[in-house]
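Let us walk through this model one part at a time.

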Amino acid sequence: MPDTSRAQFSLQHFTLANGLKVYLREDHRAPLVSVQLWYHVGSSYEPEGHSGLSHALEHLMFEGSSKLAAGEYFQLMSRLGGDPNAYTFSDATVYPVTLPASRMEVALEAMADAMATATLSEAPFERELAVVMAERRVDVDNKPFAVAVEQHKLLAHGRSGYATPTRGFREDLQQLAQAAALSWYQRWYHPNNATLAVVGAAHPAQLRTLVERHFGAIPAHPLPIAPLPRHDQTLTRRTQSVRIEGLREGLIMSFNCPSLATADDPTQAQALRLIPELLTQGASARLQRSMVAEQPLLQGVKGGYDLLVRGDGLLTFSAFNDPAKVTPEQAQEQLLREISALRLTPPTAAELQRAKAQLMAKEVFARDDIAKQADMLGRMAACGLDPTELEFETTMIEGLTDVQVCQAVEAFLSDDRLTTTFMSGMESHDE
């Protein structure tokens with residue numbers, strides 16, 4: 001039998017004459033394929049007053065085209081054993097489906113047809129806009145912490161496009177018109193603004209033939225210039241308090257940082273990526289140990305970093321304090337002391353190895369999921385990065401030193417880059 005044990009590490013790519021970029025990672029362990037069409041446009045592209053436009057268009061894309069009536073795409077993919085989906089984030093709008101490899105051409109044909117001939121008519125627009133607004137209510141407006149996060153990002157990102165919420169502002173959605181969605185489609189939904197990421201039991205020659213057959217005749221189109229979301233050159237410490245009924249007491253702290261796309265060196269971004277692992281991930285992480293376990297001032301703490309965005313991102317910590325022991329302001333003082341300690345006291349060899357192992361374990365587990373593999377390829381492309389660089393990610397993480405981590409803390413976790421949102425429930429401050 002042929003050796004296919006290394007097939008999942010083989011990444012191949014080509015570009016059609018019309019600009020469509022195609023990436024294929026072969027993985028023949030199961031007769032399945034994940035097909036994901038990524039359009040390089042999302043909420044960070046949206047002009048003021050039109051937030052939620054990309055998400056609204058996402059809902060409309062398969063509501064009628066030259067070959068399929070409204071709703072037929074999802075019915076067809078499901079009948080073929082697929083799990084069609086769609087989602088929008090800051091830098092892209094994505095249409096993924098995982099299905100039997102023998103049915104891949106059907107998915108490609110439907111995606112190409114929607115790229116070229118989506119109808120975006122008035123009746124589906126009104127229906128889907130109502131759905132989008134309902135999602136906004138359920139996922140944001142009715143969740144106090146989600147509202148706090150949205151307000152926090154507004155302050156932290158400032159004039160950057162990343163301040164625009166993917167779900168859109170309620171007042172913008174109420175004014176959104178079908179003509180705006182059609183115009184957004186006509187401006188951005190072209191092959192030269194898209195990436196097709198395919199992972200699974202497909203062969204390069206076969207995929208190229210099918211992609212040429214269905215996408216090759218769609219013409220390229222001049223694209224608008226999209227401002228790159230960057231932080232202000234001069235930053236100052238920013239603080240706000242958010243009081244919402246039902247909101248737990250706590251705080252969100254973010255530091256303005258470069259992403260992998262905007263960092264001076266990729267190792268700089270990977271070192272930033274290690275900081276939440278060192279401080280918050282796992283029982284032995286510094287903040288978990290000192291502020292949750294040993295001296296339980298916090299009821300929980302999480303950390304994260306925007307590695308894969310096309311502009312500048314955030315490194316964020318969120319924590320819920322124990323109101324009987326500390327206020328959010330007092331909790332912040334202790335959190336900042338712990339962060340400062342990481343600057344002054346480098347991680348030990350054991351700490352560094354644990355953090356690296358956690359990151360690399362996530363990468364290994366992701367390789368067992370063809371949809372996650374395709375997602376990573378698409379995210380890299382949407383950020384303007386070369387997905388082939390993923391092959392070197394593990395080596396880069398393994399080579400990071402304690403000095404590089406300390407340098408990243410010193411450079412980017414500074415007071416002028418800090419945005420803090422103190423959270424409380426309104427009822428706790430009623431007089």
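Helix α7 (residues 178-188) gives the largest share of the lining of the second largest pocket, three residues. Helices here are DSSP runs (H or I, at least four residues), numbered from the N terminus. A pocket is an open set of points on a 1 Å grid over the protein atoms alone, where a 1.4 Å probe fits, with protein on both sides within 12 Å along at least five of seven lines; lining residues have an atom within 4 Å of a point.

This is a predicted model: local features need pLDDT of at least 70, side-chain atom pairs count only at pLDDT 80 or more, and totals for chains, interfaces and linings use all residues. Residues are numbered from 1 along each chain as its sequence is written, and side-chain values use heavy atoms, without hydrogens or water.

The second largest pocket holds about 430 Å³ of space, a volume being the space filled by probe spheres set on the points. It has 27 lining residues, and Ser 44, Glu 46, Pro 47, Glu 48 and Thr 164 are the closest to its centre. By class, the lining has 13 nonpolar, eight polar and six charged residues. Nonpolar means Ala, Val, Leu, Ile, Met, Phe, Trp, Tyr, Cys and Pro; charged means Asp, Glu, Lys and Arg; the others, Gly among them, are polar.

Now turn to the helix pairs. Two packed helices are described by the angle between their axes and the distance between the axes. Axes are lines fitted to C-alpha atoms over the stretch in contact, and angles run from 0 to 180 degrees between N-to-C directions.

Start with helix α1 (residues 53-60) and helix α4 (residues 122-141). Their axes come within 9 Å and cross at roughly 125°. α1 and α4 are therefore oblique to each other. Angles under 35 degrees count as roughly parallel, over 145 as roughly antiparallel, 65 to 115 as roughly perpendicular and the rest as oblique.

α4 also packs with helix α5 (residues 144-157): the axes come within 7 Å and cross at roughly 90°. That makes α4 roughly perpendicular to α5. In contact (heavy atoms within 4.5 Å), Arg 136, Asp 139, Val 140 and Asp 141 of α4 meet Ala 146, Val 147 and Glu 150 of α5. This contact has three nonpolar, no polar and four charged residues.

Ile 339, Leu 342 and Arg 343 of α11 meet Cys 406, Val 409 and Glu 410 of α15. Four residues of this contact are nonpolar, none polar and two charged.

Definitions and conventions. Helix = DSSP H or I, 4+ residues; strand = E, 2+ residues; numbered from the N terminus.
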